[in-house]
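My notebook is open and I want to look a few things up in this structure. Here is what I am working from.

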Amino acid sequence: MENKIKPTISRRQFLKKGGRWGIGAAIGMGSLSSYGLWLEPHWVEWIKITISLPRLPGAFVGKKLLHFSDLHFGTTVKEKQLAQLVADINEEKPDLVCFTGDLYDKRSAMAATGRAVSAELDRIDAPLGKYSILGNHDYSDGLPAVGVLEEAGFEVLLNRHVKVTHKEKDLYMVGLEDLMLGDPQLLQALAGIPAGACSILLMHEPDFIDAVDATQVDLQLSGHSHGGQIRLPLVGPLLTPPYGGKYPEGLARGEKSGVQVYTSRGVGTTILPVRLFCRPQVTVITLQQ
C-alpha cells in the first residue's frame, strides 16, 4: 500500500491563516508607526552619568553639567513641550547647562517664536552659567538664533571661550562655529587658555573630535546626529547626517585623539517627526577627576 503524506494544513486553511497573519502584521506595523510618530518623540529619556576628567579642578568635582541639544523648535517640540522641558531641567538643579545647537528646525520659525522661546529658556537656572553654540539649522543671515539664546542668558560661544571660576579655581568652556555651515577655528577659540587647564568643548558635529588634540581639550559635547532618529535592533541607526555617523550617540573616545566625546540624541526631530528605538534625550553629567 502506497504511503501518502497528508498535508498538515489545507490550501484553504493556509490562505485563511496567511490572511490573518497579514492582518496581524499590518496591525503590528501600524502600531509601531503610531508609536514612532506619537509616543516616542515625546518620551524624553533622562540619562545620568559620571565623566572623569583628570585635569578637572577640585572645586568642580561633583558639579552637575546638564547637556541638551537639537531642540528643533517647531517640530515635535512646541511651546508646551519646551515649558515642560525647562521645568524638568530646573528640577535637576544643574550647576552648568550646555546646549549644543539646532535651536530651530526651520529658519522661518525664528521670527515668529523667538521671544517665546527666549522667555522660556531664560527660566533655566544654572549658578555656574549657561553655554551654547549653533547648529547647522541655526545659520541664516544675521544669525538670529544668537539673539534668542543671548536674551535667554546663554553665553553663545562661536570660536571663543569663557572662564568659569568657582572657589578660585577655573574651568574653561570652549565653543566653535558649525562644521557644515560655519568656520570652526579651534586654535582661535583656545587662545589664552593656560597650559594644563581643563577645558570642555562644545561642537555641534561629534565627528570633529578626530581633529582635536588631547592636550587641548578634555571633553567634547555634541549633538547633530539625533542618534540616527530611527534605529533598529542589531542594526543601529539607519541614517546619520554628515559628520555625525562615527560617534552617533553616548560616550566614546576619539579614535585618533583619545579625547572623550559625548553625543546627545537631542530633544527634537528633523525631516520627519518620527523616532523609533531612539528616544529624545537629556543628559546630566556629574564631573569627577
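This is a predicted model: local features need pLDDT of at least 70, side-chain atom pairs count only at pLDDT 80 or more; totals for chains, interfaces and linings use all residues.

**Entry 1: helix α4**

The buried residues of α4 pack against β3 (96-99), α3 (108-121), β4 (130-132) and β5 (155-156). Which residues of α4 are buried? I looked through residues 144-151 and noted Ala-145, Val-146, Val-148 and Leu-149. They sit on the same side of α4, because they cover an arc of only 165 degrees around the axis. Just after the helix I came to Gly-153, which has a positive phi of about 90 degrees.

**Entry 2: helix α2**

Next I went to α2, which covers residues 79-92. This helix has 14 residues and reaches 20 Å from its first C-alpha to its last, close to the 20 Å expected at 1.5 Å a residue. I wrote down its buried residues: Leu-82, Leu-85, Val-86, Ile-89 and Glu-92. Looking down the axis of α2, I see them fall within an arc of 115 degrees, so they line one face of the helix. On the other side of α2, I found Lys-80 and Glu-91 exposed.

What covers the buried residues of α2? My list includes β1 (45-52), β2 (64-68), α3 and β14. Following α2 comes Lys-93, and its phi is positive, near 50 degrees.

**Entry 3: positive phi away from glycine**

A reminder to myself: most residues other than glycine have a negative phi. That made me note Asp-102, a residue other than glycine with a positive phi near 65 degrees. Asp-102 is in the loop between β3 and α3. Is Asp-102 buried or exposed? It is buried, with a relative accessible area of 1%.

Phe-277 is not a glycine either, and its phi is positive at about 55 degrees. I found Phe-277 in the loop between β13 (260-263) and β14 (281-288). Phe-277 is partly exposed, at 43% relative accessible area.

**Entry 4: a nonpolar patch**

Phe-277 turned up again when I checked the surface, where it forms a nonpolar patch with Leu-232, Leu-234, Val-235, Leu-238 and Leu-239. Together these residues have about 690 Å² of accessible area. I looked up one of them, Leu-232, and placed it in strand β10 (residues 231-232). Leu-232 counts as partly exposed, at 34% relative accessibility.

**Entry 5: salt bridges**

Side chains of opposite charge can pair when their charged atoms come close. How many salt bridges does the whole structure have? The search finds 10.

Glu-92 forms a salt bridge with Lys-64, and their closest N and O atoms are 3.9 Å apart. This pair links distant parts of the chain, with Glu-92 in helix α2 and Lys-64 in strand β2, 28 residues apart. Glu-92 has a relative accessible area of 14% and is buried, while Lys-64 is partly exposed at 24%.

Then I checked Glu-120 and Arg-123, whose closest N and O atoms are 2.1 Å apart in their salt bridge. Glu-120 counts as buried at 16% relative accessibility, and Arg-123 is partly exposed at 43%.

My last pair was Asp-210 with Lys-246, a salt bridge with its closest N and O atoms 2.9 Å apart. Asp-210 lies in the loop between β8 (199-202) and β9 (219-222), and Lys-246 in the loop between β11 (236-237) and β12 (250-253), 36 residues apart.

Terms used:
Residues are numbered from 1 along each chain as its sequence is written. Side-chain values use heavy atoms; hydrogens and water are left out. Buried means under 20% relative accessible area, exposed over 50%, partly exposed in between (1.4 Å probe, protein chains only). Helices (H or I, at least four residues) and strands (E, at least two) are DSSP runs, numbered from the N terminus. The arc is that of the directions from the helix axis to the C-beta atoms. Contact means heavy atoms within 4.5 Å. The expected span of a helix is 1.5 Å times one less than its number of residues. Patches are made of residues with over 30% relative accessible area and no salt bridge: like charges are joined within 9 Å, nonpolar side chains (Val, Leu, Ile, Met, Phe, Trp, Tyr) within 5 Å. Accessible areas come from the Shrake-Rupley method with a 1.4 Å probe; for residues, only the protein chains shown count as cover. A salt bridge is a side-chain nitrogen of Lys or Arg within 4 Å of a carboxyl oxygen of Asp or Glu.
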